[in-house]
Protein chains: 2
Amino acid sequence: MNAAPVNPPPRLLMGPGPITADPRVLRAMSAQLVGQYDPAMTAYMNEVMALYREVFRTANRQTLLVDGTSRAGIEAALVSLLEPGDRLLVPVFGRFGHLLAEIGERCGAEVHTIETAWGTVFSPEQIEEAVVAVRPKVLAVVHGDTATTMAQPLDDLGEICRRHDVLLYSDATASLGGNPFETDAWGIDVATAGLQKCLGGPSGSAPITLSDRAVAVVDGRRHVEAGIAEAGDVGRGVRIASNYLDLAQIMDYWGPRRLNHHTEATTMLYGARECARLLVEEGIDCAVARHALHGQAMLAGVLGLGLEVFGDLEHKMNNVVAVHIPDGVDGDRARAALLDDFGIEIGTSFGPLHGKVWRIGTMGHNARKDAVLTTLAALEQVLRQAGVPVTAGGGVGAAREVYA
Amino acid sequence: MNAAPVNPPPRLLMGPGPITADPRVLRAMSAQLVGQYDPAMTAYMNEVMALYREVFRTANRQTLLVDGTSRAGIEAALVSLLEPGDRLLVPVFGRFGHLLAEIGERCGAEVHTIETAWGTVFSPEQIEEAVVAVRPKVLAVVHGDTATTMAQPLDDLGEICRRHDVLLYSDATASLGGNPFETDAWGIDVATAGLQKCLGGPSGSAPITLSDRAVAVVDGRRHVEAGIAEAGDVGRGVRIASNYLDLAQIMDYWGPRRLNHHTEATTMLYGARECARLLVEEGIDCAVARHALHGQAMLAGVLGLGLEVFGDLEHKMNNVVAVHIPDGVDGDRARAALLDDFGIEIGTSFGPLHGKVWRIGTMGHNARKDAVLTTLAALEQVLRQAGVPVTAGGGVGAAREVYA
């Protein structure tokens, strides 16, 4: 096997994520390693905790990284909270709601779902009604689902959950950093994320934060593993079904005891740290406003090209838009032309939207004017080549008006 | 929170891993991202499969990466093979045997262990006797356990397992690339590894390989998740308890169907690819010989300093040695002095060896003469300062004789 050095083609990644990483993140990730318990390393871990408290808008002490992609963070949250037989309620408004439900099933939970059509979200009343009917231990809801581009409003759910003594878990992988997300103000007990969307990094590290209420549940299932347990480490509660994703052990590793669990993925931690530094430097509110601006410009641009947009625009995330593929156009062929001729990637779709919409992102490092205008200019050319009647300059012009 | 750019202090990592990453790996990891299904990305994934076939010495088609640290690979193997109630046999000769047993328990398996004193390994006869008594579905055995520095001989176990219709799983995280490891010739059904030892990369990606026998078991439990399942995707067998570590889904993602599962951790994949390229370029046999040479030099060096070595030297791994902390020396204080004054890290120990031995590694990028001699020179100074009578130049001199 004779493989050449890694040398990827230049791409502008304007899909639903992963997107082009911020070069600062890649530079941070090229730093040399230090040992697992080096004072420099434990200091970086503590800084990561503090930085992600700002990103998640929380005072939660237990704010740390799970070593895996965002899906690892989701499973860590659910498997650590849910015992077999516990009731889980998942409002499903896209692919990732199905994912939460399916992970809950694998945890042995009794899973209840409510569903709404793709492109819509739930009212707080619909969710409270289901909470009352199901009386779940955990309400798990995706914040932003890139499959539909919708963001479920969460601001009323914490209060509902507290009133009914339910734990509220939300996955904010697709939304965090590009849309308002208030862990403490909204009363969210556990939130998870990934780096590959508005945070501007590569996939492979999952920031997570846990409220004291959630920590109490997880810590009530603490079982230190045989090879390193000491005299006082008596297991309690129903053991968490995963070792790797056992948040009780992961908290012990990130905590003052520094109890060995996995070997922290140092390079990913450097990357996660830089993603958070970028956001905190810019200011979370400013980053959200930037995503709103460039998302608005992209939306205006695709409408200006004469395209139709999918879903309830009132609840669209700032950072992604779903565009109906015009009649007679082969969506995958058009995407390939955009990639081959312009080096620009936009996204395909899942499930009921497969073959029907493209998903175009403006997030993280690529929530920028030049990225938006270049994408619209190239898309115009590709549509024209595919025989779609487009107004010359209509996309770029409409986006320019948003910027003016 | 005002955190400075990542800028780790210069360290020579001579512990049991993680060790200093090869600079080529870090450079590969600084490459920009491409999309998840970009032809460049899927080509890299295919190359990774081919490269790790060479590293694992196997023709197994299913040779790929699990996105997490080596422990994620271990759990993926066990949770995908073991159904609740299945019997698992683990010969325990150090900390990581306990880990395999404990992960097996969390999978709901009926776990049986046999134990041998730390610093020793099992004979094939002892293992066969236990196989006959337990009749497990899976025999899981660590190849090299850094906790004790021992490598369990595996070359007879494949034949034993086939004779008794048992699946053989081995974790080679600590040994692969620095010690002989022959997946196919030894009849190993599943092998897992990590990058942070002899492969010279950072923790965070877990190469894994599965034989056709193992694939048949895993594929017999295939359940495509709800959000993306198509008409023909009827679930079969007992569903794997983890979604994230479900090897049936991960194989579908790496296979021709490219069925979406997680978002591949592109930067870690670039790193894993470069780790394998380095080994394949050097030649696996040459890399093993290099680890043997420098491990021998380090062993001679610590003996030349008048230190005593732990464990059965006949079965010591090439890449790590455990050294008794001399009487009257505070082991952690001496390690701190080595780190503070010389920038060199050596390892502490777990369980019964905690506080009794240091572990010194010579692996990956640091299996080099200058790293060995510098470590021995610095260790001599630290020991002298701690009041240990050492022969001046005894460590470096003895290592030099090995190199001569």
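## A salt bridge between the chains

Glu225(B) and Arg71(A) form a salt bridge, with their closest N and O atoms 2.7 Å apart. The model is predicted. Between chain B and chain A the count is 12 salt bridges, and 44 residue pairs are in polar contact, both residues at pLDDT 80 or more.

On the side of chain B that touches chain A, the elements giving two or more residues are helix 1 (23-29), helix 2 (39-56), helix 3 (70-81), helix 4 (95-106) and helix 9 (266-282) of chain B. By class, that side has 37 nonpolar, 25 polar and 18 charged residues.

## Extent of the contact

The contact takes 81 residues from chain A and 80 residues from chain B. Between them the two chains bury about 6,800 Å², with 57% of it on carbon and sulfur atoms. In chain B, the residues that lose the most area to chain A are Met1(B), Val6(B) and Arg106(B), together 12% of what that side buries.

## Aromatic pairs

Over all chains, the whole structure has 8 aromatic pairs. One of them joins Phe181(A) and Trp186(A): the ring centres are 5.8 Å apart and the planes are at 70°, so the pair is edge-to-face. Phe181(A) is buried, with a relative accessible area of 3%, and Trp186(A) also counts as buried, at 15% relative accessibility.

Another pair is made by Tyr52(B) and Phe56(B), whose ring centres are 6.5 Å apart and whose planes are at 50°, so the pair is tilted. Both residues lie in helix 2 of chain B, 4 residues apart, which is about one turn of the helix. Tyr52(B) and Phe56(B) are both buried.

## Backbone details

Most peptide bonds are trans, and most residues other than glycine have a negative phi. In chain A, the peptide bond from Gly17(A) to Pro18(A) is cis, with omega near 0°. Pro18(A) sits in the loop between strand 1 (12-13) and helix 1 (23-29) of chain A. In chain B, Gly17(B) and Pro18(B) are joined by a cis peptide bond, with omega about 0°, and Pro18(B) is in the loop between strand 1 (12-13) and helix 1 of chain B.

Two residues of chain A other than glycine have a positive phi: Asp165(A), near 55°, and Arg258(A), near 50°. Asp165(A) is in the loop between helix 6 (157-163) and strand 8 (167-171) of chain A, and is exposed, with a relative accessible area of 62%. Arg258(A) is in the loop between helix 8 (247-254) and helix 9 (266-282) of chain A; Arg258(A) is buried, with a relative accessible area of 16%.

Technical notes
Residues numbered from 1 in each chain as written. Chains lettered and ligands numbered in written order. Predicted model: local features only at pLDDT ≥ 70, side-chain atom pairs only at ≥ 80, totals over all residues. Heavy atoms only, no water. Contact = heavy atoms within 4.5 Å. Buried area = accessible area lost by both parts, 1.4 Å probe. Salt bridge = Lys/Arg side-chain N within 4 Å of Asp/Glu carboxyl O. Polar contact = N/O pair within 3.5 Å; in protein donor to acceptor, adjacent residues only side chain to side chain. Nonpolar A, V, L, I, M, F, W, Y, C, P; charged D, E, K, R; others polar. Phe/Tyr/Trp six-rings, centres within 6.5 Å; stacked < 30°, edge-to-face > 60°. Buried < 20%, exposed > 50% of the residue type's maximum accessible area, 1.4 Å probe, protein only.
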